[in-house]
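Please open the model in your viewer and keep the selection tool at hand. The stops below are meant to be taken in order.

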Amino acid sequence: MIKKLIILGIDGMDKDVVVRYKDKLPHLYGLMKKNGFPHLTSVFPADTMPAWSTIYTGMDPSEHGIINFVNVGAKNNTYKPLVFDDSAFKGKTFWDVLNQHGISCAVILPMNIKEGWEINGLMITRPYEGKIRVYPQNRESFYNPRFDILGTEGKFTSEKDLAGLRDEFFAKVNEEIRLTRLAIENEDADVLFSYFSTTDGIQHDFWRHCDPNHPEYPGSNEYGNVIRDMYVAMDEYVGEVMEKQPDTPLLIMSDHGHGARPVYTVRINELLRRGGFLTPKGGGDGSKPSAKKKIKKAIKKAALGIVKGIGLPKWAMKLAKKFPVWKSLFASAADFDWDKTQAYLSDLSALKNYSYGGIRLNDNVADKDALADKIIEYLKPVKIESEEKNLFEWIVRTNTFYHGPYLNKYPEIIYQMDERWGGEWELGKNVFEKGGFMYMMSPGGHRWRTAVLMTNNLKLEKQNYEMTDIYEIIMGALDQ
Ligand SMILES: [Zn+2]
């Protein structure tokens, strides 16, 4: 039995989605209501790996450094997936710190942790290099975590296999719940933390099937309630925990919200070009496409056709992540005259068409802060085409936002645009384009402001929380 605190971490659970389905989610909605609907804002960028790192350590991403922006302006293509090992976390996570104070912890399937380590309590790792590890090892046969279920990512790869993909997500959540339930009932520990992965993935893959307002909504379909049902699965389990441990403090949070990936795109580099901050190769307005650019366009068009026709979200996304050749289709350093270019869109939102992103300044800029301020002043008043609304919700110099030692991993300027609009790399006649690309491959996307935060038997002191506060909430809950 868990004595002092139960923490359930639910990847990508969105506050607005809980409200949308509130009639089916009495426990989640009830807890949110009880707490006065507190706000929880994710880290920047609102991605899974940096956000959980922040929850574990209380440090923001500029402090823990688990972030990855690709600098497409780098002379040689330095695209690398984010690499880190357990040494980034060992000894620094809330459960390690609690252990140091004599508080035992059960940690179930923690995101970001690879091989795991021996702790005072229990740790069951996520699948990593073909294995799920249990510490202490003699508990392995008791839990028997199912690698065949939890380690299946990417088995179903095409639109035809959506039913299989859906079933895979539900098998996974059931296994995550089974392990958590066993640990809550059988571990004699003070604190339990369990991580649930499936809300995020299912929203990425099924958003357009569940959202009648999405431009790619296929009409009434057999997957129309898949996202709701995943939330229901979590809701029922939260209800079970509250029923079985009615007096135990309970903390539930997500790492970021989730919604439709923007389907409209805005050409940030084109805006920069018009402001005189970016010069295409060969000068001019870049309207005379080079042969290479034409080829790129043709490939992109063909890829789009394939995506629309047979659909291949999973493997296409994986390819885009893994192979620079895909990245170079969308964002190529060869497009610009680098001697005359001062600023350009950071990879982040160009590749993902997210509404948040950054602008990087060229290495040859002498006073970067002054230039950043000038660009911000230029972009701030930009209005969305044929609307009175500003495009940028906020746009700031990154070193006024974060201050840690890994700040140099960030572009110099970061921004959040209107959520309908995603960043696009290419130059063109129109700045605003009501047509994107990435949303077809992965229709769901992360949101920054709408993570969830709920508690039971644990008072929240504020109305607005940052992801960096979670660590303090955990420590505070155990002080009493
Ligand atoms: Zn995600």
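This is a predicted model: local features need pLDDT of at least 70, side-chain atom pairs count only at pLDDT 80 or more; totals for chains, interfaces and linings use all residues.

Residues are numbered from 1 along each chain as its sequence is written.

Begin by selecting Leu192, Ile252 and Val452, which have the most contacts inside the largest nonpolar core, a set of 107 residues. Such a core is a set of buried Ala, Val, Leu, Ile, Met, Phe, Trp, Tyr and Cys residues joined through C-beta atoms within 7 Å; a residue is buried if 20 or more other C-beta atoms lie within 10 Å of its own, exposed if 12 or fewer, and partly exposed in between, with C-beta atoms placed from the backbone. Next select helix H10 (residues 226-244), which gives the most to this core, with nine residues. Domain 1 (5-260 + 446-477) and domain 2 (264-441) both contribute residues, so the core lies between them; the domain bounds come from an automatic or database domain assignment.

Contact here requires C-beta atoms, placed from the backbone, within 7 Å.

Now move to helix H3 (residues 48-57), where eight of the 10 residues are buried. Helices (H or I, at least four residues) and strands (E, at least two) are DSSP runs, numbered from the N terminus. The buried residues of H3, among them Trp52, Ile55 and Tyr56, pack against strand E1 (2-10), helix H4 (61-64), helix H5 (94-100) and helix H18 (469-479). Just after H3, glycine 58 takes a positive phi of about 80 degrees.

Finally, select the open sheet of three strands with the order E14-E9-E15 and mixed pairing, where two strands pair if DSSP finds at least two bridges between them. Strands E14 (421-424) and E15 (432-433) stand at the edges with a single partner strand each, so one side of each is left without a neighbour in the sheet.

How do the two pairings of E9 run, parallel or antiparallel? Strand E9 (residues 264-267) pairs with E15 in the antiparallel sense over two bridges, and threonine 265 has glutamate 433 as its bridge partner in E15. With E14, E9 pairs in the parallel sense over four bridges.

Conventions:
Two residues are in contact if their C-beta atoms, placed from the backbone, lie within 7 Å.
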